[in-house]
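Student: Could you walk me through this one before I set anything up? I'd like to go through it piece by piece.

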Amino acid sequence: MEVFAPTPAELIRRYNAKKLQEEKYEVSALNLPWVFKQEVDVVLKPGSRYVIEGVQVEGLAPPWEAYITLVDPNGDFGVGFIAARRRRMFSCVYKIYSKPLGLQLAPYITIKPVELLLTDREGMVECVDRILRARCVAVFVNAPANLLQNFKIVVTPIIKENV
């Protein structure tokens, strides 16, 4: 089992953690090493569709999947799509993401998860339900932590509206 246990000083310096009461540290899921991201500045409008090109996740095989998302400045919410080698039977679904499967955290670490609104159409962002200023394109991999080094992830996004 993989363990994530940087020192408290490293959590603050490297991962922008916030100290909570009783020697606990909260880190945004967006700031952690298993999330791949690239800064953007895009305003998304409700009801519009967007295409994200230039993001690749190689080596990902079922049942594992990745979530390619446009995330707000706070790192709390994102919209995007599920990259998987299979088609789903839904149009929009909410998911909460904090860490890869099977990753154990040191007892002094808590992760502030990100809420994601995702579509099943790869490359397409259709589930925009409110105005959202995205500060980054992020790739969240939903797979066991020990498999992460097997994936090649490239994030050089090009975002197009109403394609």
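**Core, cysteines and rings**

Tutor: Leaving aside residues up to four places away in sequence, Val 139 touches Trp 34, Val 35, Phe 36, Val 55, Val 57, Ala 66, Tyr 67, Ile 68, Ile 153 and Val 155, where contact means heavy atoms within 4.5 Å. Please keep in mind that this is a predicted model, in which local features need pLDDT of at least 70 and side-chain atom pairs count only at pLDDT 80 or more, while totals for chains, interfaces and linings use all residues. Residues are numbered from 1 along each chain as its sequence is written, and side-chain values use heavy atoms, with hydrogens and water left out.

Student: OK, and which residues have the most contacts inside the largest nonpolar core?

Tutor: They are Trp 34, Ile 68, Leu 70, Val 79, Val 139 and Phe 140, in a core of 56 residues. Strand 13 gives the most to this core, with 8 residues. A nonpolar core here is a set of buried Ala, Val, Leu, Ile, Met, Phe, Trp, Tyr and Cys residues joined through side-chain atoms within 4.5 Å, and buried means under 20% relative accessible area, with exposed over 50% and partly exposed in between, using a 1.4 Å probe and protein chains only. Strands are DSSP runs of E with at least two residues, helices are runs of H or I with at least four, and both are numbered from the N terminus.

Student: Switching to cysteines, which ones form a disulfide?

Tutor: Cys 92 and Cys 127 do, with their sulfur atoms 1.9 Å apart, and the count comes to 1 disulfide under the rule of a cysteine sulfur pair within 2.5 Å. The link is left-handed, with -95° about the S-S bond. It joins distant parts of the chain, 35 residues apart, since Cys 92 is in the loop between strand 7 (77-83) and strand 8 (93-97) and Cys 127 in the loop between strand 12 (124-125) and strand 13 (132-142).

Student: And is Cys 127 buried or exposed?

Tutor: Cys 127 is buried at a relative accessible area of 5%, whereas Cys 92 is partly exposed at 40%. Cys 136 is in no disulfide, and the nearest cysteine sulfur, that of Cys 127, is 18 Å away; Cys 136 counts as buried because its relative accessibility is 3%.

Student: How many aromatic pairs are there?

Tutor: The structure holds 4 aromatic pairs, a pair being rings of Phe, Tyr or Trp (its six-membered ring) with centres within 6.5 Å, called stacked when the planes are under 30 degrees apart, edge-to-face when over 60 and tilted for the rest. Phe 4 and Tyr 15 are edge-to-face, because their planes are at 70°, with centres 5.5 Å apart. Phe 4 lies in strand 1 (residues 3-4) and Tyr 15 in helix 1 (residues 8-15), so the pair ties together parts that are 11 residues apart in sequence. Ring pairs also link Phe 4, Tyr 15 and Trp 34 into a cluster.

Student: What about Tyr 97 and Phe 140?

Tutor: Both are buried, and their rings form a tilted pair, with centres 5.1 Å apart and planes at 55°. Tyr 97 lies in strand 8 and Phe 140 in strand 13, so this pair ties together parts that are 43 residues apart in sequence.

Student: Last one, where is Thr 119?

Tutor: Thr 119 is in strand 11 (residues 114-119), and it is buried, with a relative accessible area of 0%. Its side chain makes a polar contact of 3.4 Å with that of Glu 126.

Student: What counts as a polar contact?

Tutor: It is a pair of N or O atoms within 3.5 Å; within protein, one must be able to donate a hydrogen and the other to accept it, and residues adjacent in sequence count only if both atoms are side-chain atoms.
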